[in-house]
Every structure is written in structure tokens, then in C-alpha cells.
Amino acid sequence: MSQTLEKKPAPSRDAMPLSGPRMPGSAPYLVAAAALAVGVGLGMILGGGLIAMAILAGLTFIVGITVWAWALEGRRSGVDRLVMSVVWAAFAVALVPLASLVWTVLSNGIPALSAEFFTYSMRGVIGDEPGGIYHALIGTLLITLGATVISVPVGIMTAIYIVEYGRTARLAKAITFLVDVMTGIPSIVAGLFAYALFVLIFGPGVRLGFGGSVALSLLMIPVVVRATEEMLKLVPDELREASYALGVPKWRTIVKVVLPTSLSGILTGVTLAIARVIGETAPLLIIAGSTDSVNFNLFADRMQTLPVFIYYAYTQPGVPPDPSIERAWGAALVLIAIVMLLNLLARVVGKVFAPKTGR
Amino acid sequence: MSTTIDETRAGGRRPGDAIFKGTAIAAALVILLALAGVAVFLLYEGIPGILGAREETDASFVSYVWPLVYGTLVAALIALVIATPFAVGMALVISHYAPKRIAKPLGYVVDLLAAVPSVVYGVWGITVLGPQLVPLYRWLADTVPWIPFFAGPASTTGRTIFTAGVVLAIMILPIITAICREIFAQTPTLHQEAALALGATRWEMIRMAVFPYARSGMISATMLGLGRALGETMAVALVLSASGVITLNFISSTNPSTIAANIALRFPEATGLAVNLLIASGLVLFAITFAVNFAARYIAGSSARRMSR
């Protein structure tokens with residue numbers, strides 16, 4: 001009896017190994033190389049295009065690395081590798097539209113750019129006569145400026161109320177919630193609101209640039225409030241208390257201590273808010289309308305803007321259509337460039353105006 | 001002594017403070033008024049449209065607006081079904097899979113998607129995406145015509161509600177990704193390290209530590225994306241060739257329109273009662289998006305309360 005016990009092998013390392021075979025660290029690269037070869041090879045044999053090759057290579061990679069990990073390291077590791085490659089593939093696929101869009105706009109838009117394009121309006125332009133986006137640039141700048149002038153004071157003061165005065169008040173909580181909800185107002189509803197408002201003043205069929213400013217500020221205010229709120233919350237209470245201890249009134253503490261400390265973040269937020277609304281089309285289509293002439297007056301008559309210009313130049317090109325469609329792509333390029341520049345500016349501003357710590 | 005106390009008391013009531021606080025409250029009230037104004041002015045201009053719908057369209061307001069609501073919901077749902085898995089994947093890449101060094105630039109790249117104006121997406125949708133999808137539609141209509149969504153006949157221009165949904169999906173990707181990414185990054189490190197220490201693979205760690213923590217945040221992110229997709233105008237107005245029918249067929253050349261696109265297409269030329277009718281449909285859109293956003297914020301808020309307990 002005791003012999004049999006001795007003979008029976010105790011559960012040892014051989015039965016329950018603590019380490020199993022592992023894939024080499026270079027496994028993903030090896031599989032990627034193989035998948036690329038398969039994709040290009042099969043694509044050439046079967047005569048598919050670049051897209052087909054990419055899809056084929058991607059699928060081969062996913063299947064290859066999963067099967068390898070599964071066979072060598074077990075099911076759990078296989079699933080892990082599968083998820084990892086699928087997640088990265090999702091990222092890559094999602095960037096394809098961005099790349100395609102940037103390429104399309106660049107290749108179609110660059111031929112349209114010229115000195116006339118920036119300095120001519122479309123007044124009296126027929127067919128392929130030189131015409132440009134001067135009127136639309138002016139309109140976009142003025143209307144966005146108007147929206148900024150409305151939104152920035154309202155937005156910043158609201159954030160000051162929420163953070164500095166109404167921490168616990170019911171009104172502050174309600175405002176916070178409403179600002180959240182306001183972020184979700186569809187832009188076209190903002191345009192309809194501006195129209196419904198100005199119809200009461202000017203009568204039916206009203207079109208004016210300032211209405212566009214009002215509509216855009218409805219979309220811009222929540223962004224400004226949110227950004228400012230976050231920044232004000234980051235200001236340490238010690239700074240405020242030090243200021244109070246010196247006998248400085250609350251409002252001067254806010255203006256001279258709290259706001260300068262959070263200035264960089266607020267400016268970044270405002271710039272991003274401008275970038276968000278400058279490309280809005282729908283509200284301007286409704287309340288600012290469309291025109292071929294330059295209009296410097298925000299408070300009277302139709303005003304052209306870049307997004308609306310793109311829309312009409314593309315959908316109603318006239319005869320012959322090609323010059324107008326080319327102008328639409330050119331304007332799209334200019335608009336994207338403006339938005340990207342604003343985004344870049346926001347980051348630069350954040351760096352430049354960051355509070356000096358004195359260290 | 002008593003004078004000093006009086007002075008300090010007076011200090012509490014300095015006029016500068018009162019004026020500044022008053023201005024701050026006034027600004028907050030402006031927001032309240034603006035939101036109330038949206039509802040009131042749209043109602044004021046919209047009600048004549050609701051009442052007069054029969055004169056304008058020979059049908060009641062409900063039968064005018066219902067196909068538009070249907071189209072709005074369908075396009076937004078297509079967008080949501082496509083965008084959500086991608087957004088969760090992209091958020092995971094940025095928060096958990098990518099090395100720290102390249103995670104931030106990847107985040108910027110996703111934000112670039114949000115920087116492209118909607119009208120540019122629309123023009124790109126007509127010229128590039130639509131024609132690219134035509135072979136797919138033709139294949140679907142030939143192979144799986146028994147699925148009602150793909151009954152065909154396939155559109156030859158690609159300007160279908162499915163294309164519009166794809167464009168919308170691209171447009172709402174950044175917002176869903178941004179929120180998911182933030183919430184994934186907030187998962188307590190201890191939970192994640194505990195899972196890894198017990199021998200979980202990275203995916204098991206994400207499934208067992210990250211997703212349960214982030215569930216409500218993901219739901220509210222999707223709903224915010226839905227709100228965006230419901231209200232998006234220009235991309236749909238440009239891409240969709242709409243005829244205002246109610247159909248399950250996503251790939252044919254007769255498509256339902258959406259509320260926002262319908263307003264954008266008709267408003268510039270509309271006069272009289274037609275304007276009121278369009279404003280009334282805008283009111284319906286406002287109500288739908290308001291409800292969706294409200295629900296999203298409520299879910300996010302209630303989970304934040306639960307977590308803080």
C-alpha cells in the first residue's frame with residue numbers, strides 16, 4: 001500500500017507547469033510582415049486595388065496573430081491578442097475617412113487658390129470669370145466676432161457665478177445642468193430661434209448678420225462656460241484665502257487673482273469655442289442668408305459666410321458648373337485651414353499665457 | 001473698537017462686490033432666459049404652423065412631421081450602430097493600448113475629426129464616399145435582398161440614408177471617443193493592477209475592471225452622440241437624396257428625409273405659413289434632442305452620485 005503511494009507521482013511541475021511557451025516579443029512584427037506579403041500577393045494575383053490589399057492584409061494579421069497566440073499560449077491569450085488587433089484595426093479604419101477627406105479637399109481646393117480668390121466677391125460673376133470669397137470671409141469674420149462679443153462676457157460671468165458665488169445654491173446647480181443640456185441644442189434649432197426672435201422685431205423674411213451672431217452665441221456660450229468653469233475650479237483656494245486675508249474684496253480677488261491665474265485655460269477654451277462655431281452652416285443659412293456682394297453691416301441685409309458659400313457654390317453651381325464647384329473646394333480648404341489654425345492657436349495661447357509660477 | 005467692527009461690516013457690503021455679484025447672476029439668468037426663449041419663440045412662431053398645416057400641405061401636422069421624425073431616427077441610429085464600436089475601440093487604444101508617448105498625439109488626431117466643418121463632410125460625402133459605397137449597395141441588393149434593409153434596387157449615386165448614416169457616424173466619433181476615453185482613464189488604477197496581479201490578460205482586465213466602472217459613462221456618451229446625430233443638418237442635407245417616404249430600405253434612391261435637413265433645404269425659399277410649419281418641425285427636433293440629452297446627463301449624473309458614495 002505504502003509502495004503504491006510512493007510510486008504514484010505527486011502533482012509536480014510537469015503536471016502543472018508554472019511557465020508555458022511564450023511568443024517572441026517580435027511576434028506582431030513578424031505576423032504584420034507576413035500579412036502584408038499575403039495581402040499584396042493575393043491582391044496582385046486576384047487583381048484587387050489598394051483598398052482590397054489593405055483589407056486582406058489586416059484580416060490576415062488579425063487571424064494570424066490570434067491563431068498563433070491561441071495555439072502557443074492558450075485560449076485566453078488568443079482572445080487577448082484578437083481584441084488588441086481588432087481595437088487597433090478599428091482605430092486605423094476610423095482614420096481612413098479623415099485622410100481621404102483631407103486629401104480630397106487639398107487636391108481639389110489648391111487649384112482654386114489665387115490672389116483674386118481672396119480679394120474678389122461674387123458680385124456679377126458669371127461662369128468662369130474670376131470670382132472669390134472676399135465677401136464670405138468678411139461675413140464669417142464679422143458674424144463670428146459678433147458671437148464672440150456676446151458669448152465671452154456672458155460665458156465667463158456665468159462660470160464665475162457657478163464657481164465663486166453659487167457653489168451650493170440651487171440656481172447654480174440648475175444652471176450647470178442647463179448648460180449641459182444647451183451643449184446639445186442642434187445648430188439648426190439655434191438658427192430657427194434667432195429667426196423667430198428677429199421676425200418679431202423686423203417682420204417676416206428677415207435676414208441679417210447679427211441674427212447669425214445670436215444663433216452662434218447660443219452654441220458658443222456653453223462651451224465657454226464649461227471651459228471657464230473647469231479652469232476656475234483648478235485655482236487653489238489658498239490663493240483666494242490669502243487675498244481675503246489681506247482685506248481684498250471678493251470681486252477684486254476674482255478679477256486680480258483668480259482670473260489671471262486661469263487666463264491661459266480660459267483663452268484656450270474661448271479659441272476652441274470660436275473654432276467650433278466658425279464652421280457652422282445651418283443657422284447662418286437660415287438667418288444670415290446668402291448674397292454675392294460684400295456687406296459690412298451686421299445689422300442689415302443678407303450676409304454671405306464661408307460655410308453657406310460652400311453649400312450654394314456646390315449645390316447650385318450654375319452654368320458651366322465647374323468653376324463654381326472649384327470655388328466651393330477652395331472655400332472648403334480655406335475654412336478647414338482657419339479651423340485648424342484656431343485649434344493650433346488655442347494650444348499656443350495655453351502655453352504662452354500659462355501662469356508664471358516664479359519657480 | 002465698535003467703529004472697527006462697523007467698518008468690517010461695511011466691508012462685507014462693498015458696492016463693488018454687490019455690482020460684481022449682480023453681474024454674475026445676471027449672466028447666469030441670461031442663459032436661463034436664452035433656453036426658455038428658444039422654447040417660447042419656437043412655440044410662438046411654430047403653433048400657427050401646427051394649426052395651419054392642413055392649409056399648407058393638405059394633411060395634419062402629425063402626418064407631415066412623422067416621416068421626418070422617422071428619417072431622423074433611422075439616420076441617427078445607423079450612425080450610432082456604426083460609430084459606437086469604433087469609438088469604444090479608439091478610446092481603448094488611447095487610454096490603454098497605445099504607449100504613453102503616442103497616446104496624446106493620437107488623441108489630437110481624433111480631435112481633428114471634430115474640427116472639420118459639417119458642410120465639408122457633406123460635400124465629401126457626395127463626391128467621395130457615396131460613389132465608393134455604390135458597389136457595396138449593388139452587392140447587397142444582389143446577394144441579400146430578403147433583408148428588408150437591403151431590398152434594393154440599389155442607388156446609382158450612393159446618396160442613400162445609409163451613406164448619410166456613415167457620414168454622421170464619422171462626425172459623432174470624436175465626441176463619443178472623447179468621453180469614453182476620459183472615463184476609461186478614470187478607472188481606479190488599483191482595480192486594474194489587482195486584476196493584472198491575479199493573472200488576467202489585458203483584455204480580461206479591461207472587461208472586468210474598466211468596463212463595469214465605465215458602463216454608465218459609455219451609455220451617456222453614446223446618447224450624447226445620438227443627440228449630435230439627431231440634430232446634424234448640413235451633412236444630411238447635402239448627402240441624402242430625399243423623397244420623404246417611410247421605408248426600411250436603406251440603399252435605394254428613395255429615402256426618408258430628416259427634420260434638420262428638411263428645414264435647411266426648404267427654409268431659404270419658404271414664405272408665409274411654410275415658415276411656421278418648418279419652425280414647428282424644428283420644435284419637434286428640439287424636444288427630441290432635449291429629451292435625449294436630458295436622459296444622457298441624468299444617467300451620467302446618477303452614476304457620478306453612486307460612485308461618490
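**Reading the interfaces**

Analyst: Eight residue pairs are in polar contact between chain B and chain A, both residues at pLDDT 80 or more. A polar contact is a pair of N or O atoms within 3.5 Å; within protein, one must be able to donate a hydrogen and the other to accept it, and residues adjacent in sequence count only if both atoms are side-chain atoms. This is a predicted model, in which local features need pLDDT of at least 70 and side-chain atom pairs count only at pLDDT 80 or more, while totals for chains, interfaces and linings use all residues. Residues are numbered from 1 along each chain as its sequence is written, chains are lettered from A and ligands numbered from 1 in the order in which they are written, and side-chain values use heavy atoms, with hydrogens and water left out.

User: How many salt bridges does the rule find across the interface of chain B and chain A?

Analyst: A salt bridge is a side-chain nitrogen of Lys or Arg within 4 Å of a carboxyl oxygen of Asp or Glu. The rule finds two between chain B and chain A. One of them joins A:Arg76 to B:Glu204, at 2.8 Å from N to O.

User: What area is buried between chain B and chain A?

Analyst: Buried area is the accessible area (1.4 Å probe) that two parts lose on being put together, summed over both. For chain B and chain A this is about 7,000 Å², with 81% from carbon and sulfur atoms. Counting contact as heavy atoms within 4.5 Å, chain B contributes 81 residues and chain A 77.

User: How do I read a contact between domains?

Analyst: Start from the bounds, which come from an automatic or database domain assignment. Chain A has domain 1 (26-111) and domain 2 (119-352). Eight residues of domain 1 and six of domain 2 make the contact. The two domains of chain A bury about 570 Å² between them, 83% of it on carbon and sulfur atoms. A:Val105, A:Asn108 and A:Gly109 supply 63% of what domain 1 buries against domain 2, more than any other three residues. No salt bridges are found across this domain interface.

User: Why is chain B described as more spread out than a compact globule?

Analyst: Chain B has 12 helices and zero strands, where helices (H or I, at least four residues) and strands (E, at least two) are DSSP runs, numbered from the N terminus. The radius of gyration is taken over C-alpha atoms, and the globule rule is 2.2 Å times the number of residues to the power 0.38. For the 309 residues of chain B the rule gives 19 Å, and the radius of gyration is 25 Å, well over that, so chain B is more spread out than a compact globule.
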